[in-house]
Amino acid sequence: MPQPDARTLPLDAESLAALERRGFEYRLVDSTDPASARAYTEAESRGFLGGENTEEEIAEFREALGYRRWTGVFDAPASAGATPVATINSWVGEMSVPGARTVPFWAISGVTVSGTRRRKGIARAMLEGELRTAAAAGIPVAGLTVSEATIYGRYGFAPAVRVANWEIDTRRAGWAGPETTGRLDHVDRESAVAVLGEVHERVRRATPGEVDGWEGRWRQFAGVARGTEHAGRIRIVAYSDAQGEHRGVLVYRITEDDSDFARNTLDVRVLLAETREAYAALWRFVVEHDLVHRVRARLRSVDEPLPWLMRDERGLEATVRDHGWVRILDVPTALQARSFSAPVDVVIAVEDPLGFADGVWRLSVDDSGSATLTPTDESPQATLSVRALGAVYLGGVRLSTLRWAGMVGGSPETVAALDRAFASPVAPSLGIWY
Ligand SMILES: CC(C)(COP(=O)(O)OP(=O)(O)OC[C@H]1O[C@@H](n2cnc3c(N)ncnc32)[C@H](O)[C@@H]1OP(=O)(O)O)[C@@H](O)C(=O)NCCC(=O)NCCS
């Protein structure tokens, strides 16, 4: 089904009024207007503690993110091209859900409020405005990646995707995986943009929590985005199968240790693999790289084969943390979009302080894993806060854990039945920031 273009939707009237009462103007920013785009880019960069952007960086930002809805908050009255005191951008993307399916979601990014206008309720007005706009457009889920884990719970978001950051001592880890077939070749940075996009597009649906990318993201990974620091140090290797098809791609950077040339560090910027062979070949390339002692990789799944392919799995240390945050806006549409792992028939109540997802439904999952939600006035057998529902939505968090945390109510038997249904056979993951 075609999804709405977020740029064309009207501003939320409630947030407009709330900000106006405090002396602010809330308005959409025209990214095609050079002066407005420059001012918006500058505000966002400053909000994220970045430096002033060069003309080239501004052009890159505009081209890469022009498909999004840009909203700014300004000191009123604001002239055209004025620098916003707050920024937010959003678009309708696709989020992968259990069962190799996808759900349309309202992606939110670039949330900043100037340090000079902080804690005046501007972020709250912007976030609530985004959620109302998304809900009015019929988008069932919202999502974001976050700078701090303390900001978004109050709007009903919860961490649904945890990821692992790895530090690998390559000599200790060693390689104990299979002999690898296929071929690895270095690819130039310009050509890598398309390879990254193609491989990502083919792999993302298999893993709940992954989202569709955009060309600007691949340009950044490949180091061809204007303004990329030390772009020339970024290297790319692609894996091709016997038919010559690209089935995997690795982008990495090596930092030299000039006191010992055998102790360099390799940073994996991204490693995408569509097949087992591609996965093994690319990781073997990394782990056995000459003159590399240490490997760092970020945003890896919490359940990956790599430790099983090493001689000594203690050569890999993983730190797990929240990454993909989910907010359910429309319970029946969101739940019916994913598949479930076991049949269940339970009356659930969802409690949402902001009202979007409040309600009571009979959740019936058939033997094929398809769910039907029917509104009911029966008494609920399980009660979930909207945050709990967001957390368990992708199947990586157990309801029974949240029951212990007081976020889910119901008998242990009912919650265990829901656990079996909600669990995803594939651990959710998310390999990019958005
Ligand atoms: C985070 C940020 C957007 C908040 O903006 P703000 O306008 O000051 O926030 P508000 O005044 O609307 O605050 C709304 C609520 O969030 C709370 N809050 C705001 N920032 C918070 C933070 N960093 N940690 C915890 N709580 C925070 C406020 O205390 C307030 O709580 P309450 O209304 O529930 O009592 C702003 O501080 C900022 O730009 N930070 C730097 C950039 C950043 O990290 N952006 C987020 C990217 S994911």
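**Exercise 1.** In this predicted model, find which residues Tyr152 is in contact with, leaving aside its neighbours within four places in sequence.

*Solution.* Step 1: select Tyr152 and skip the residues within four places of it in sequence; what remains in contact is Val111, Leu127, Leu144, Val146, Phe157 and Trp325.

**Exercise 2.** Decide whether Tyr152 is buried or exposed.

*Solution.* Step 1: take the relative accessible area of Tyr152, which is 7%.
Step 1: compare with the cut-off: buried means under 20%. Tyr152 is therefore buried, at 7%.

**Exercise 3.** The UniProt annotation "active site", from an unreviewed entry, covers Tyr152 and Tyr434. Work out where Tyr434 lies and what its side chain reaches.

*Solution.* Step 1: go to α12 (412-422); Tyr434 is in the segment after this helix.
Step 1: check its cover. Tyr434 has a relative accessible area of 7%, so it is buried.
Step 2: follow the side chain of Tyr434 to the backbone oxygen of Gly143, at 3.5 Å.

**Exercise 4.** Now for the ligand! Find which atoms of the ligand lie 2.8 Å from Val111, 2.6 Å from Arg119 and 2.7 Å from Glu148.

*Solution.* Step 1: a backbone N or O atom of Val111 is 2.8 Å from a ligand nitrogen atom.
Step 1: for Arg119, a backbone N or O atom is 2.6 Å from a ligand oxygen atom.
Step 2: Glu148 uses a polar side-chain atom, 2.7 Å from a nitrogen atom of the ligand.
Step 3: look at the cover. The ligand alone exposes 890 Å², and the protein buries 74% of that.

Methods
Residues numbered from 1 in each chain as written. Predicted model: local features only at pLDDT ≥ 70, side-chain atom pairs only at ≥ 80, totals over all residues. Heavy atoms only, no water. UniProt positions renumbered as here; feature names shortened; annotations may be inferred. Buried < 20%, exposed > 50% of the residue type's maximum accessible area, 1.4 Å probe, protein only. Contact = heavy atoms within 4.5 Å. Helix = DSSP H or I, 4+ residues; strand = E, 2+ residues; numbered from the N terminus. Polar contact = N/O pair within 3.5 Å; in protein donor to acceptor, adjacent residues only side chain to side chain. Areas by Shrake-Rupley, 256 points an atom, 1.4 Å probe, with all protein chains shown as cover.
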